Amino acid sequence: MYFYIDESGQTGLNLLDPSQPEIFYGTVSSPRDLDVEARPFVEKMRASLGVSRLHASELGQGRLGEFARELQTLVRTLSIRFDVYKLVKRDCAVIQIFDSLFDSFDNPAVPKTAYLIPLR
């Protein structure tokens, strides 16, 4: 499986920014390597739209719609799945504190130094 993740609402060190109380993660997953298998589609769409990258912030909804049918075919062909996760940042802070205090050395996959605050 291959996973591609992006976030929205990232406020860096200002985790509890009242103007953005939530963070969203979008995940695209597929059993196939999209970096390889979707490349011809992406290159064709970029060329037809005359852009260097396919990104909603640059294209807007109207231009994204221009290749929606082709995208549907690609999604079916490569078994692509889309998931969106919403997190309340206040809850993230509580979870991080709990994890640091009570679970910091229980996960053998994470080096012990990863939890030491001065090294972060």
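**View 1. The outward face of helix H2 carries the exposed residues Pro40, Lys44 and Ala47, and is turned away from the buried side of the helix.** Exposed here means over 50% relative accessible area and buried under 20%, with partly exposed in between (1.4 Å probe, protein chains only); helices are DSSP runs (H or I, at least four residues), numbered from the N terminus. This is a predicted model, in which local features need pLDDT of at least 70 and side-chain atom pairs count only at pLDDT 80 or more, whereas totals for chains, interfaces and linings use all residues. Residues are numbered from 1 along each chain as its sequence is written, and side-chain values use heavy atoms, with hydrogens and water left out.

**View 2. Helix H2, residues 39-49, has Phe41, Met45 and Leu49 as its buried residues.** Viewed down the axis of H2, these buried residues fall within an arc of 55° and so line one face of the helix, the arc being that of the directions from the helix axis to the C-beta atoms. An α-helix has 3.6 residues a turn, so residues three or four places apart point the same way. The cover over the buried residues of H2 includes helix H3 (56-64) and helix H4 (68-77), and after H2 comes Gly50, with a positive phi near 70°.

**View 3. Phe98 is found in helix H5, residues 89-102.** Phe98 counts as exposed because its relative accessibility is 52%. Among the elements of the protein, H5 has the lowest mean pLDDT (79) and helix H1 (residues 34-37) the highest (95), where pLDDT is the predictor's confidence in each residue, from 0 to 100.

Key. Helix = DSSP H or I, 4+ residues; strand = E, 2+ residues; numbered from the N terminus. Contact = heavy atoms within 4.5 Å.
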